[in-house]
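Have the model open as you read.

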Amino acid sequence: MSGTNVLPVLSLSDVEQAAQLIQQAYAPASGQVSAETQRRLQQEILEIQRRPEAWGLVVPFLEHQDPNIEFFGAHTIQVKIARDWDQFPQHRAVELRDIVLGLTIRAINAGRSKVILRKLYVSLTSLALKLVPSHPDQWPSWVLSSVTYLSENGAITEQILDFLAIIAEEIESADLLQPTRLQMRQTLLDSISAVVQGITASIAKPPHQRTPGELNSALKCLEAWMPTLPASDLTPLMPILINLLAPQQPSLEFDENVFVPASDALQAIMSESTLSDGSGSKSLTEPLLLWMHTLGGRIVDATLSTGFADAVSHSFCKLLAGLGDHSTSYLAAHLASTSQPGPLSGSPPLPTKSQLIQNYLRLLLAYTSLPGYYGVDEEESEMTLGFWYLFQEALWSVEYQFGFEEEEEDDGIDESDQREKNQWTIARAVYGELVRVLERKVKWPSREELGGWTNDQKDKFQVYRRDVGDTLINAYYILRNDMLEFYINGILERLNARRENDGWEEIEATIHCIMSIQEAVPVEDNEHLRCLFGPDILGRLPITGRYRVRRTMLSLIGTYASWFTTQRTPPPGSSQPSLLMTAVSYVANALPEPSLCLQAANALRDLCDANRIALAHHIVAFGELHVGLTGIPDTEKAKVLQSIASVIQALSPEEEIPLIETIASPVVSKLVEALQSSARLPEEARALAIQQLQTLTGVAKGLTRTTDGLVSLDDSEEEREALERMNRAREDPRMVKLREDLLNAIRGTVEIMSTDASVSDALSDLFKSITSLPADATLISLPPGPLLEFVCIASQRQLTAVWLSLASMLFPQLDPPPAITTSLVSTPSPENWVVALNVLPALLQVSLAFLSQPEAMEANPDIVQAFFSCMEAVARIFTKALYQLPGVMLDALIDCSRTALSLQERYSLVSSCTFLHTLVNRTTRSDDLEDAKSILAQKHGRLIMQALLSGLAGIAPRSASPNLIDLLSMLLSRYPAEGRAWMSDILFSDDFIASKASREAKEKFFKSIYSSRTIKRTREAAQEFVLVARGLENSSFGYSSVVV
């Protein structure tokens, strides 16, 4: 078959020239080619494939002796059918079908590689996707007819099965409209009987009658057809598949080439078939449990004896995990069942369901507890962790009731109660063993052994420890306080048995486990936690060296910080021990050590934040800690000062004053010193300034009250009194001076260093933490007005998204809600109006000048988004201020927003839409802005509408269509008459953006918009126009991705 009657015929020189390009790119005679040369050659090959003449390369390439050129022949026919079908004369499509079938059988008979055959199989399937949905169907019964043709012309069973697998995979992944998908799926359903018959015949054959790859091809074919096959066709395959798992003779070893694909197929049934919902307990779950009871132990024993999980063992572990995921409910419901499984082939008496399930859990635990370290000695234990979460959930969901088991009669209720007790007895025993196993598995090796690990192995083991922590939470929900008792007793036993040179790895592992379950442990008094944080354990842990166990203990203390609120803290000088102060002392002791200061500072911050009131009685001790800050690394001083500030916040405002002055004034002074030295030592000054800004941020965060703080009041009178006390304290000359010094230092930092990215980030964090609503003001809270002016100064030096985002935050603070709840509508104070009127023009001038530069908006989407978010805040609160701007500036702002409606970066476009939506809404709703409403319509209404409609028609990304449609709805609802005229004029003008929408489609859109009575109908009409204008109205992608 030459194909010359259908496919174009190219000259020999053209074919050779294309072949030489392929050889130069993939098999150069001169050796390796450079990456740049290879990219160029690949691009040239791609360009050749795109040409209509490339159809003529298929036959000569497939007849070539070079495998690379053969591959490109097969690849070219696949690509041309899938992507360039419109180039082919449709009236000769059936002839092309025959040619591709002929080329496929020729490649099969010539013994071509599976890679080339796969390409040809994909080509046949792609061709079917074109021919079958046509009217009339140009390839009736295409699956069976293709298989018959291939089989009659020399294809063996293995190749037929490979072809059938490709068919299912390609149809499943094809992007098809729903009617076409249903039609193609029906062709698969029509072929199920023959496919299942072929698969069954291959997997049921004696091994010596199969070709070497036939079994694997049959099982891969089964996996590919899995979503299509009904349960009735899968059920007969179960016994055959399970039988494949066993050795051919009891004395022989498991055959990896048979076991692994059979196991994969069973896993696919449990996860991808119609049985994946947990059904099939009689045909799948119970037979597998019985097989595991009979032969699973052999695999586990072999793994433990060799110390290595081979391919069979690894696959068996996956099978165990797959069965657990599939049959979790069955395993939980029958954990204590004394009944036997249904009729199964096997010698009686059969074990009970409970025995089968307990054996399964033992096998799974054996893999969970494999000797050695995960990621170094074994890779299987992690695969079992997910089951324990599902099993715990299923155990909670089991309902025992009369008649649940068939053997229950009149005394069924009593038996049900007994079974429930037995179930929890077994469950607690299983999870108890799991806890013991995982405690051992998370233990780090000795320092000497760890030195031989690679960084990747260490990282992998660290991730494994975190995953184990998640699993331990599920164990806690079963074992509750017994789990803590086990851990605490274990630590005590090891501490009592310790010798001087013993390592701390086992104790560290237990501490890690206790830390991991914190989120599940109730915040209530607990004798085991009292022991943990008391002298018996915490008091006996090392306080020098031994960094790993100390680091883990510090993290645990921080994690359990809120638990200390359940403990009574004796006053200073009391003879009674204080668990909280013991923990604080342990943490403070580690602060000066560079290897521990990070965890220690975090723990101290969490302890102080959660226990402010209790620790306020010990403020003297924190004063001593402040004095000793010189020994703490600068990187963590901010967290320590935040911790001290948290404790100070629990005092009365009057008591806070000298303490805040003590901790904050030196920081402000150091910041001023950094600014003064910036000319002489720029890098050192920059680093010092950032450090002081971060420290001030920490202090501000610490002083911010929490819900359990001193002033958490519901009574308005008490709240008013507390606010008055805070305001009086803020007026103290020391605090006034501190805030003034702080503002001056911030201004200096902005004027000198704000162009540095790290400094601007540090300033941003400080601004966010040191501003607040009036009700939450602290002694050092700064007013938004001066900070907004600083933002304007920084923006004039270098416009960034950081400063614009801060402006978005600060503008609303110029109109804060009242400190005390009132029914009056708040309005900005005259002072804040002045700030807004001064800052807004300056900020607009620098922003618009920047964004008006060529391609500035495309290159800086973060600035565009932040700018329009800022303008939206202004439009929402200071609408009138926008209309008090010079006219040219307001025009430039709206022009800029219209331009942004055509941007391809979604977030920039959406922020512009939001701004315009707010501007139109607030302008048209305010009685004070009647003139502005008219000006907005006359000067900008039509232009905004044009930008909107152009965006819907294809200029804007389709993901932004909902936002454009919302803005369209707003315009039409607020300017109905003008909007109708604008829309008609723009849609039907000759210069409207070119799109796939015909005049009829535009008329339908226009009529639908103006006949709709609801926003929903408007949105639907606009979404339909979006699809039509982009040529997506008949694509599955178009309709499946519509967002209304």
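## Before we start

Helix axes here are lines fitted to C-alpha atoms over the stretch in contact, and the angles between them run from 0 to 180 degrees, taken between N-to-C directions. Keep in mind that this is a predicted model.

## α4 against α6

Start with helix α4 (residues 67–83) and helix α6 (residues 114–131): their axes cross at roughly 15° and come within 8 Å. Angles under 35 degrees count as roughly parallel, so α4 and α6 are roughly parallel to each other. The crossing is left-handed.

On the α4 side, the contact uses P67, E70, F71, A74, H75, I77, Q78, I81 and A82. Facing them from α6 are V115, I116, K119, L120, V122, S123, S126, L127 and K130. Sorted by class, that contact of α4 with α6 comes to eleven nonpolar, four polar and three charged residues.

## α26 against α28

Further along, helix α26 (residues 547–559) packs on helix α28 (residues 597–610) with the axes 8 Å apart and an angle of about 20°. That angle is why α26 counts as roughly parallel to α28. Here, too, α26 and α28 make a left-handed crossing.

From α26, the residues involved are R551, L554, S555, I557 and G558, and α28 brings Q599, A600, A603, D606 and L607. The contact of α26 with α28 holds five nonpolar, three polar and two charged residues.

The chain's domain assignment gives domain 1 (245–342 + 349–402 + 417–443), domain 2 (828–923) and domain 3 (927–1043). The C-alpha centres of domain 2 and domain 3 are 22 Å apart, and the contact takes 22 residues from domain 2 and 24 residues from domain 3. How much area do domain 2 and domain 3 bury between them? About 2,100 Å², with 73% of it on carbon and sulfur atoms.

## α44 against α46

One more helix pair: the axes of helix α44 (residues 906–925) and helix α46 (residues 961–974) come within 9 Å, crossing at roughly 15°. So α44 and α46 are roughly parallel to each other, and their crossing is left-handed.

The α44 residues in this contact are R906, L909, V910, C913, L916, H917, V920, N921, T924 and R925. They meet N963, L964, D966, L967, M970, L971 and R974 of α46. By class, the contact of α44 with α46 has nine nonpolar, four polar and four charged residues.

Definitions and conventions
Residues are numbered from 1 along each chain as its sequence is written. This is a predicted model: local features need pLDDT of at least 70, side-chain atom pairs count only at pLDDT 80 or more; totals for chains, interfaces and linings use all residues. Side-chain values use heavy atoms; hydrogens and water are left out. Helices (H or I, at least four residues) and strands (E, at least two) are DSSP runs, numbered from the N terminus. Angles under 35 degrees count as roughly parallel, over 145 as roughly antiparallel, 65 to 115 as roughly perpendicular and the rest as oblique. A crossing is left-handed if the near helix is turned anticlockwise from the far one by less than a right angle, and right-handed if clockwise. Contact means heavy atoms within 4.5 Å. Ala, Val, Leu, Ile, Met, Phe, Trp, Tyr, Cys and Pro count as nonpolar, Asp, Glu, Lys and Arg as charged, and the others, Gly among them, as polar. Domain bounds come from an automatic or database domain assignment. Buried area is the accessible area (1.4 Å probe) that two parts lose on being put together, summed over both.
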